[in-house]
Amino acid sequence: MNNAVKKIVVLGGGTAGWMAAALLKKVLAGAIDIELVESEDIGTVGVGEATIPPIRLFNNVMGINEAEFLRETKATIKLAIKFDNWRVPGEGYFHTFGAPGKSLAFCHFHHLWLRARQQGNKTDLWQYDLNYLCAMAGKFAPINAKDNILELPYAYHFDAGLYARYLRKLSEQMGVVRHEGKVQQVFQHPNGDIKCLVLDDGRELSGDLFIDCSGFRGLLIQDKLNAGYDDWSHFLPCDRAVAVPSERFEKTLPYTRSIAHSAGWQWRIPLQHRNGNGLVYSSAHYTDEQASDLIMANLERKALAEPKFLRFKTGRRRQQWQRNVVAVGLASGFLEPLESTSIHLIQSAVVRLIQLFPHNGICQSAVNEYNRQSELEYTQIRDFLILHYHVNERSDSQFWRDMQQLAIPDSLRQKMAIFADNGQLFRDQNDLFLESSWLQVMLGQGIEPKDYHPIANNFSPEKLRDMLANIQAIKQEPLSKLPDHDTYIQTMINRS
């Protein structure tokens, strides 16, 4: 048992640093002092602009007013991701934050739909999904659903740089102390713990616990503590990205687009003031120049800056908590933003630290549990990303043919096999993605179940047809009452 943790030092700003500082200070309040060091001369990646619904929990805990948040971060609403060209060129599907239909006890809705299809029902599964219907209609407003059949889960697209700036303001109001400067030296205690950071002007920042948000380098977690790195590039070979902002579309649709190309994929994220665009790609198949030319040719609107390149190695820090250092953000690992998990991994890392917070001193049992949970989270997200690549029917490039032959993890192989055999989906403990997420991507990528759950046979063909028609009507009913997405955003940002 070490000394009680009374002071936290956060190394690095950006989204990771300021999310960590803000939430720790908000929850722990006067029990802890927090100082953050960052340099205006050191840029941040700043392209993680799409999120998933748990970001709303973070904002709620922070006491953030949604109207103010939308104004400050130039945010828009996100209901789904549209995947174009992933199974085959020219086709697409949605992964929404909602769930199709309404499930029964012991039987998910899609089993009813699978049986109805065998009886001639041609209705697409997504027609029973309110998130999909709103996304396609370009409509949104929060729905206070008394029944989960009309739930409309949502997240945001926002400017990550503006979000970091907003959180900095809130953090400093709560008492977080910010230091401008670059770290020149790091000193350790005799036992190997980090003792203090020495800045370029000679100032020393000592602490009991250090949060490493220094990006891919991992100045503390790797350079000093050598926590190791699990390289997953054999599963997910894309290793570079190029990003460029462009002028916004006249009408903002409430979903992210992910467009597959011959050796990677393009994102398109609509904000209030611009579009975020980028291309994640394999350097074994595209040169940087080819990647830049490809994204610039597919912008659809005028570019607002020069392309910005990023290199990465997919994987995770083997020990994300080592001694008195916790790695957060890119210092903890990198999974490409195909499912918009980058900011969520920051959030979950800080929440996990709060749950295991070493009030009376760091103990190895808490460190071990933190690392166990972190590893599980990363591997579950990794498997979900691999699914998009591995299950495809593209024959137009070597990249996609190679992904079809990928030696996938056993955990993913089993999940795919049981769904293909009988349509069953089982959510692993603490899996970020619900059964409805796995369902949509498996179906969208072309896995067709051979069978369905026998509970679906409890209804006569007429009763089943009526049930599905009624559910579809209920899902359609709110659309006429909801405003256009842009109208909703404008109404919110004009609030005092």
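This is a predicted model: local features need pLDDT of at least 70, side-chain atom pairs count only at pLDDT 80 or more; totals for chains, interfaces and linings use all residues.

Trainee: Is E339 buried or exposed?

Mentor: UniProt, in an unreviewed entry, places the feature "binding site" at E339. This residue lies in the loop between strand 21 (333-334) and helix 8 (342-355). Buried means under 20% relative accessible area. The value for E339 is 1%, so the residue counts as buried.

Trainee: Which residues is E339 in contact with, leaving aside its neighbours within four places in sequence?

Mentor: Contact means heavy atoms within 4.5 Å. With neighbours within four places in sequence left aside, the contacts of E339 are I52, I81, F83, H95, F384, L385, H388, F433 and V441.

Trainee: At which other positions does UniProt place the feature "binding site", and how far apart are the farthest two C-alpha atoms?

Mentor: The unreviewed UniProt entry gives this feature at G13, G14, T15, A16, V183, L330 and I343. They span 331 residues in sequence and do not all gather at one spot, because the farthest two C-alpha atoms are separated by 24.7 Å.

Trainee: Where is G13 found, and which residues is it in contact with beyond four places in sequence?

Mentor: G13 is in the loop between strand 1 (7-11) and helix 1 (14-28). With a relative accessibility of 12%, G13 counts as buried. Leaving aside neighbours within four places in sequence, G13 is in contact with W18, L36, V37 and E38.

Trainee: Which residues does A16 touch, not counting those up to four places away in sequence?

Mentor: A16 has its place in helix 1. A16 is buried, its relative accessible area being 11%. Not counting residues up to four places away in sequence, A16 touches C213, V328, G329 and I346.

Trainee: How are helix 9 and helix 11 oriented to each other?

Mentor: Helix 9 (residues 364-390) and helix 11 (residues 410-422) have axes 10 Å apart and pack at an angle of about 60°. Angles from 65 to 115 degrees count as roughly perpendicular, and those under 35 degrees as roughly parallel. Helix 9 and helix 11 are therefore oblique.

Trainee: Which residues make the contact between helix 9 and helix 11?

Mentor: The crossing of helix 9 and helix 11 is right-handed. The contact divides into 4 nonpolar, 2 polar and 2 charged residues. Helix 9 contributes R382, D383, I386, L387 and H390, and helix 11 contributes S411, L412 and M416.

Trainee: What is the class make-up of the contact of helix 3 with helix 6?

Mentor: The axes of helix 3 (residues 66-73) and helix 6 (residues 160-174) come within 8 Å and cross at roughly 125°, which makes helix 3 oblique to helix 6. E68, F69, E72 and T73 in helix 3 meet L162, Y163, Y166 and K169 in helix 6. By class, this contact has 4 nonpolar, 1 polar and 3 charged residues.

Trainee: Which elements do the buried residues of helix 12 pack against?

Mentor: Helix 12 is mostly covered, with 10 of its 11 residues buried. Among the buried ones are W438, L439 and V441. The buried residues of helix 12 pack against strand 5 (92-96), helix 4 (109-118), helix 9 and helix 11.

Trainee: Is N458 buried or exposed?

Mentor: N458 lies in the loop between helix 12 (435-445) and helix 13 (461-476). Exposed means over 50% relative accessible area. At 58%, N458 counts as exposed.

Definitions and conventions: Residues are numbered from 1 along each chain as its sequence is written. Side-chain values use heavy atoms; hydrogens and water are left out. Axes are lines fitted to C-alpha atoms, for helices over the stretch in contact, and angles run from 0 to 180 degrees between N-to-C directions. Helices (H or I, at least four residues) and strands (E, at least two) are DSSP runs, numbered from the N terminus. Angles under 35 degrees count as roughly parallel, over 145 as roughly antiparallel, 65 to 115 as roughly perpendicular and the rest as oblique. A crossing is left-handed if the near helix is turned anticlockwise from the far one by less than a right angle, and right-handed if clockwise. Ala, Val, Leu, Ile, Met, Phe, Trp, Tyr, Cys and Pro count as nonpolar, Asp, Glu, Lys and Arg as charged, and the others, Gly among them, as polar. UniProt positions are given in the numbering used here, feature names are shortened, and annotations may be inferred rather than shown by experiment. Buried means under 20% relative accessible area, exposed over 50%, partly exposed in between (1.4 Å probe, protein chains only).
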